[in-house]
Amino acid sequence: TIYILMCLLLSFTIELAVSTPPPRERDQVLCITPTLNEELQFIRQISSQYKTILWHPSSLSDIRNNSEIHLYVNASYAEELKMRLNSAHTTYRVMIEDVQQLIEKQKGINQPLTPRGFSSYYEQYHSLDEIYFWMSQMVRNYPSFIQQILIGPSSEKRLIYVLKIFKGTSPPKGAVWIDCGIHAREWVSPAFCLWFVQHLIGTQDKVIADIVNTLEIYVLPVWNVDGYEYTWTTDRFWRKNRSRNKGSECFGTDLNRNWDVNWCGKGASKDPCSQIFCGEYPESEPEVKAVATFFRQRLNHIKSYISVHSYSQMLLFPYSYTTSNSRDHAELHHVAQKAVNVLKSVHHTSYTYGTSAQTIYLSTGCSDDWAYDMGIKYSFTFELRDRGRYGFLLPMHLIKPTCEETTAAIIEMLYHIVKTV
Ligand code: ARG
Ligand code: ZN
């Protein structure tokens, strides 16, 4: 027996040795928490020198001491960059060992995907074309509850659609707005919007019935359509839209810096190559113009603005462009607190909450501040899971719990609003 066991063991070992692929270089994401100004300086220097991509915060101007920096580095210089960090005594940890592997998993490469119409369809990431098809199916299957509204073309002339959901028999008492996918690489955000629409339609829940019978729900599943497509075809970590910039080789404007609210002040950039480029002028981007126009036509009707981003696990409310509190601070704080508590009760996920400027960073020209200053009191921004373990590469199996808890939080917020209209 011992002889047989040994043989087995040996063959296993050989098997392992044979099937282990040769080591290859991998794109990685590093987590660095600087403590000294020299380190901050050093990180700024190497991140421009090595063409890294900042995951968090979204701009180098927002890195500060004792706060995590998540930095994507290309395989070809990952080792060199790590050596330089070591010799500068800057501590870091490898947050993601193998970026490419996670990207393939997210796209469902080498994995059978669920056909349309099954519930696990909502536990996957979908391409833009698939999402267009999904929208057309939703309006076809539920013509009395869902309408598809074309709000405009994108910069590359793709169509941007809003779904309007309403089940009431008497006229709506107001409307709420939820947008997903303003930043291209935040894939769990569109996945959430799809989930949420299906949930509103499919559930028997009394509270939700109350909401969809009283309020119109506008859902914009993919706002930055061009950018989203680009993350599927070309660059997984693209954030901005894909418009051309005069006098520059760099593409894209940050659609969350292009609004006419302290436009291009602190926390935004005039550099077209920056991730937080504010654009040529306020509302220069067709994607922003389309939504701004939609809002201006319905100002008294829309009671709430909710924008869904990832990642960080935060629930934010105005202001972003100043560290001062808004007029409705107490109520917004109260609503956020309730929402975060409900969110936690679902899967124990912890969220921080507060004003954007005080909680994440100062930024100007943002959609939530614009909506708020236009008179839409209940203005919120979600940063969904996670806190950086996977960042933008959140695996598919985490879509379901993420959507469940976020849905619970948003329903709690909408219920608060239903009671006030
Ligand atoms: N992460 C998002 C961004 O950089 C949101 C930051 C907070 N600002 C806001 N307006 N909510 O655009
Ligand atoms: Zn974002």
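Ligand 1 is surrounded by S58, N256, H309, L316, S320, S356, I360, S363, C366, D368, D369 and T381, a residue being counted as near a molecule if its C-beta atom, placed from the backbone, lies within 6 Å of it. This shell divides into three nonpolar, seven polar and two charged residues. In this classification Ala, Val, Leu, Ile, Met, Phe, Trp, Tyr, Cys and Pro are nonpolar, Asp, Glu, Lys and Arg are charged, and the others, Gly among them, are polar.

The model is predicted: local features need pLDDT of at least 70 and side-chain atom pairs count only at pLDDT 80 or more, while totals for chains, interfaces and linings use all residues. Residues are numbered from 1 along each chain as its sequence is written, and chains are lettered from A and ligands numbered from 1 in the order in which they are written. The chain averages a pLDDT (the predictor's confidence in each residue, from 0 to 100) of 94, and 94% of the residues score at least 70. The scores of the model are ipTM 0.96 and pTM 0.93.

Helices (H or I, at least four residues) and strands (E, at least two) are DSSP runs, numbered from the N terminus. Axes here are lines fitted to C-alpha atoms, for helices over the stretch in contact, and angles run from 0 to 180 degrees between N-to-C directions. V188, A191, F192, W195, F196 and H199 of α6 make the contact with I399, T402, C403, T406 and T407 of α13, where contact requires C-beta atoms, placed from the backbone, within 7 Å. By class, this contact has seven nonpolar, four polar and no charged residues.

Helix α7 (residues 206-214) also meets α13, their axes coming within 10 Å and crossing at roughly 55°. That angle makes α7 oblique to α13, and the crossing is left-handed. On the α7 side the contact involves V207, I208, D210, I211 and T214, and on the α13 side I411, L414, Y415 and V418. Seven nonpolar residues, one polar and one charged make up this contact.

A further partner is helix α10 (residues 329-347), whose axis comes within 8 Å of that of α13 and crosses it at roughly 145°. This crossing is right-handed. V335, K338, A339, V340, V342, L343, V346 and H347 in α10 meet P401, E404, E405, T406, A408, A409, E412, M413 and H416 in α13. The contact of α10 with α13 has ten nonpolar, three polar and four charged residues.

The peptide bond from H56 to P57 is cis, with omega near -10°, and P57 is placed in the loop between β2 (53-56) and β3 (69-73). The bond from R385 to D386 is also cis, with omega near -5°; D386 lies in the loop between β12 (378-384) and α13. K51, in the loop between α2 (37-49) and β2, has phi near 50°, a positive value in a residue other than glycine.

Technical notes:
Contact = placed C-beta atoms within 7 Å. Left-handed = near helix turned anticlockwise from the far one by under 90°. Parallel < 35°, antiparallel > 145°, perpendicular 65-115°, else oblique.
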